[in-house]
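Here is a short briefing for a reader meeting this structure for the first time. Please look over the sequence and the model before reading on.

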Amino acid sequence: MRRGFKAEAERLADRTRTQLGLQPYAPLPIRNLAEQLKVEIYAADDLIDRSRIEQLNAEQPGAFSAATFHLPDGRTVVVYNPCSDACRTNSDLAHELAHLLLAHDVRELQQIAGHTFFTCDRDQEDEANWLAGCLLLPRALLLKEIYAGADAAAVAQKHNVSLPMARFRINTSGVLLQARRSRTPGTR
């Protein structure tokens, strides 16, 4: 990840949330952000038979979570895996919208042995993951939850994000250390 990106992502998330009229502790309704960005969201089973998605999940668990398409008519569409739970879908949608906020290049479709694959830029994927976490679980919100004694599972459930997303943000945002220092006498 490029130098300075993490701080940049925190600021971009704060600006984006402010533009949506959200307080620092408020949950982000991800579909409201999609609407603001003029992005249409579809479950993949709106487009193809659900049995094909279930077959993919059975053969390659986690192979498809969500993808963004820029259509020739100018529309931008995010398609997500309807077999994922609502918390995972929320995190996946935030990831896709983060790509758009960061103006990442569109991934390319490639054909290999008759199968279609997306190519992904690892750095861009890491940046989108980081920004998605900042959008859904900003530091101020995490600090409030940690001070209240919440753990990752409670944060995930309360804010409708995946447990890995909640753990990731709590462990990488520095809020645990900040909360611990504020509770230790003589460290303020």
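This is a predicted model: local features need pLDDT of at least 70, side-chain atom pairs count only at pLDDT 80 or more; totals for chains, interfaces and linings use all residues.

Three strands make an open sheet, ordered E1-E3-E2. The largest nonpolar core has 43 residues. Helices H4 and H5 cross at roughly 115°.

**The sheet**

- Strand E1 (39–43) and strand E2 (66–70) are at the edges. Each has a single partner strand, so one side of each lacks a neighbour in the sheet.
- On average, neighbouring strands are turned by 20° against each other, direction ignored.
- E1 and strand E3 (residues 76–80) run parallel and are joined by five bridges.
- Within that pairing, Val 39 stands opposite Thr 76 in E3. Ala 43 has Tyr 80 of E3 as its bridge partner.
- E2 pairs with E3 in the antiparallel sense, over five bridges. Ala 66 has Tyr 80 of E3 as its bridge partner.
- The hairpin of E2 and E3 has five residues between the strands. Gly 74 in this hairpin takes a positive phi near 95°.

**The enclosed strand**

- Is E3 buried or exposed? Five of its five residues are buried, so E3 is largely enclosed by the rest of the structure.
- Both faces of E3 are covered. Thr 76, Val 78 and Tyr 80 are buried on one side. Val 77 and Val 79 are buried on the other.
- Helix H4 lies across E1, E2 and E3. H4 runs at about 35° to E2.

**Two helices in contact**

- Two packed helices are described by the angle between their axes and the distance between the axes.
- The axes of H4 (residues 86–101) and H5 (residues 122–136) come within 8 Å. H4 passes H5 in a right-handed crossing.
- From H4, the contact takes in Asn 90, Ser 91, Ala 94, His 95, Ala 98, His 99 and Leu 101.
- From H5, the contact takes in Gln 124, Glu 125, Ala 128, Asn 129, Leu 131, Ala 132, Leu 135 and Leu 136.
- The residues of this contact divide into eight nonpolar, six polar and one charged.

**Nonpolar cores**

- In soluble globular proteins, nonpolar side chains tend to be buried together.
- Which residues have the most contacts inside the largest core? They are Ile 30, Leu 131, Leu 136 and Leu 137.
- H5 gives the largest share of this core, seven residues.
- Leu 131 touches Ala 9, Leu 12, Ala 13, Ala 98, Leu 101 and Leu 102, leaving aside residues up to four places away in sequence.
- Another core, of six residues, lies apart from the largest one. Its members include Ile 53, Phe 64, Ala 67 and Val 77.

**Asp 123**

- Asp 123 has its place in helix H5.
- Asp 123 is partly exposed, with a relative accessible area of 46%.
- Asp 123 and Met 1 are 122 residues apart along the chain. Their C-alpha atoms are separated by 5.9 Å.

Key. Residues are numbered from 1 along each chain as its sequence is written. Side-chain values use heavy atoms; hydrogens and water are left out. Axes are lines fitted to C-alpha atoms, for helices over the stretch in contact, and angles run from 0 to 180 degrees between N-to-C directions. Helices (H or I, at least four residues) and strands (E, at least two) are DSSP runs, numbered from the N terminus. A crossing is left-handed if the near helix is turned anticlockwise from the far one by less than a right angle, and right-handed if clockwise. Contact means heavy atoms within 4.5 Å. Ala, Val, Leu, Ile, Met, Phe, Trp, Tyr, Cys and Pro count as nonpolar, Asp, Glu, Lys and Arg as charged, and the others, Gly among them, as polar. Two strands pair if DSSP finds at least two bridges between them. Buried means under 20% relative accessible area, exposed over 50%, partly exposed in between (1.4 Å probe, protein chains only). A nonpolar core is a set of buried Ala, Val, Leu, Ile, Met, Phe, Trp, Tyr and Cys residues joined through side-chain atoms within 4.5 Å.
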